[in-house]
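Have the 3D view open as you read.

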Amino acid sequence: MTHHTVEKIGGTTMSQFDKVLDNILIGDRSGSQLYNRIIVVSAYGGVTDLLLEHKKNREQGVYALFSESDSSWTWSDAISKVSDHMCRINAELEPLGLDISFADRFVRERIEGVRSCLLDLTRLCSYGHFQLDEHLMTVREMLSAIGEAHSAHNTYQILSAQGINARFVDLSGWMETENLAFEEKIRQAFADIDLENELPIVTGYTQCREGLMDTYDRGYTEMTFSKVAVITEAREGIIHKEFHLSSADPKTVGEDKTIIIGGTNYDVSDQLSDLGMEAIHPQAAKGMRKSGIPLRIKNAFEPEHPGTLITSEYKSTEPRVEIIAGRNDVTLVECWDQDMVGHIDRDTDIMAHFTAFGLRSLAKDINANTITHYVSAPLNTIKKLSKAIKQSFPSADILIRKVALVSILGSNMNVPGILHEAVLALTEAGIDVHAIHKCMRPVGIQFVVDEELFQDAVKALHVKLLEEDC
Ligand SMILES: Nc1ncnc2c1ncn2[C@@H]1O[C@H](COP(=O)(O)OP(=O)(O)O)[C@@H](O)[C@H]1O
Ligand SMILES: N[C@@H](CC(=O)OP(=O)(O)O)C(=O)O
């Protein structure tokens, strides 16, 4: 039984690197406590946004600018700004032992190498036979890789400067001609690493034949983390974040009111990932779940706290609600069509349009003549979707409306009358429930409420089901 852990450090946490050193990487550790770990790092917070596009407000990064075919050179100015931003990060890390000239040279080499590739690609496509859009996913992969290579290389350097036997494990594919499959790449990278005496610092981005971004897009770091844990047979995976996994968003209900979740299971974790509170990307969880590797979510700024342990087996001994989670960036698309009565495959036809627009349904209501899907996507995309559905079903009335989804979740929610209690909590707070989603498995109940009442709904449920019951 190996006894090493694989530990992922998120971007927001990486940006407070002095605390990462004290709380995660070194602190009061010595001897073998420093080793028997594999550290997978994300890019520093905000860097990938500059390289691609902003994860939340979609502000254009290098990739977004490059992929616009208006042949302007704004992308080149943008990548120069990324280079300068990375070197400013380096400068802030000099007091921790970073060799600035070496670190800046690393940044320039990667940035100018990618710039030269993109210039060559632009020239190649100008001849007409090569189509730019056939190469954009590769461009997206190449740009993403820079961020994680930067943070991993810096971390490796700083640890080495502090006398730790760190090892830079660069999975970004830089200057590699062999195009290995994901698992093979990881296997080869760790084949000759002595975990007892070396501390691997791994780029969260992996270049591989399958192309992580095509399938997982911005979840690639957790895919790398999960695959490394599975391939190296870790005893536990740890994700260091800047918060505890709590009974609700501390920013909504107040940090003093939330309860830190001590344990939960991958079923609850799956539900959370659809509600914008991703403990771990569900596909990344799948690998660890199937390998029986526990996942621990730790608060990087409270290293002494054990955090939340997520296993497949965990089930609360007493039936209870554990978490209130939700999201208000949701639009419902309701298709009411009395001509659908009796049709077997109407939803298949509707979902074909969702697939065409690359949209995933977060939840669904259905009855004899009405099918409603809940999606998170830009409104203009949803309007196009709605138009496409209407063209397929001219007799249908299509309603689109912004709403919020609020869920009560638990590893054992066999609480008699819990549905009544939850609806009562919302009603007493003056919040109408427009729809309810509940399956037979006692893991969650979801309420559809007005978008603007999202936070009130979370608070009302948290007070009634978690604070008053305590
Ligand atoms: N149940 C919850 N427990 C903790 N934080 C939550 C919860 N629900 C929502 N949040 C919010 O999620 C934020 C972290 O979002 P996330 O994107 O997962 O972090 P990161 O950027 O580190 O991956 C927290 O800062 C907190 O405001
Ligand atoms: N750095 C990438 C990958 C990532 O997962 O970051 P984080 O661990 O901060 O979510 C991004 O910003 O998308």
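**Helices and ligand sites**

Start with helix H5, residues 74-93, and helix H7, residues 136-161: they pack at an angle of about 15°, and their axes are 12 Å apart. Angles under 35 degrees count as roughly parallel, so that makes H5 roughly parallel to H7. If you look at how they cross, H5 passes H7 in a right-handed crossing. Keep in mind throughout that this is a predicted model.

Now go further along the chain for another pair. Helix H16 covers residues 418-428 and helix H17 covers residues 454-467; these two pack at an angle of about 130°, with axes 9 Å apart. H16 and H17 are therefore oblique to each other. As for handedness, H16 passes H17 in a right-handed crossing.

On to the ligands. Which residues come nearest to ligand 1? There are 13 residues around ligand 1, and the nearest are Lys241, Phe243, Ser246, Asp249 and Met277. Sorted by class, that shell holds 5 nonpolar, 3 polar and 5 charged residues. Zoom in on the side chains and you can pick out some polar pairs. Asp249 puts a polar side-chain atom 2.9 Å from an oxygen atom of ligand 1. Glu242 has a polar side-chain atom 3.1 Å from an oxygen atom of the ligand, and for Thr12 the corresponding distance to a ligand 1 oxygen atom is 3.5 Å. How much of ligand 1 does the protein bury? On its own, ligand 1 exposes 580 Å², and the protein buries 79% of that.

What surrounds ligand 2? The residues are Lys8, Gly10, Gly11, Ser42, Ala43, Thr48, Lys55, Glu148, Arg218, Tyr220 and Thr221. By class, this shell comes to 2 nonpolar, 5 polar and 4 charged residues.

Several of those side chains are worth a click. Arg218 has a polar side-chain atom 2.6 Å from an oxygen atom of ligand 2. In Lys55, a side-chain N or O atom sits 3.4 Å from a ligand 2 oxygen atom. Thr48 pairs up with a nitrogen instead: an N or O atom in the side chain of Thr48 is 2.8 Å from a nitrogen atom of ligand 2. Taken alone, ligand 2 exposes 340 Å², of which the protein buries 84%.

Note on methods. Residues numbered from 1 in each chain as written. Chains lettered and ligands numbered in written order. Predicted model: local features only at pLDDT ≥ 70, side-chain atom pairs only at ≥ 80, totals over all residues. Heavy atoms only, no water. Near = heavy atom within 4 Å. Polar contact = N/O pair within 3.5 Å; in protein donor to acceptor, adjacent residues only side chain to side chain. Areas by Shrake-Rupley, 256 points an atom, 1.4 Å probe, with all protein chains shown as cover. Nonpolar A, V, L, I, M, F, W, Y, C, P; charged D, E, K, R; others polar. Axes fitted to C-alpha atoms, helices over the stretch in contact; angles between N-to-C directions. Helix = DSSP H or I, 4+ residues; strand = E, 2+ residues; numbered from the N terminus. Parallel < 35°, antiparallel > 145°, perpendicular 65-115°, else oblique. Left-handed = near helix turned anticlockwise from the far one by under 90°.
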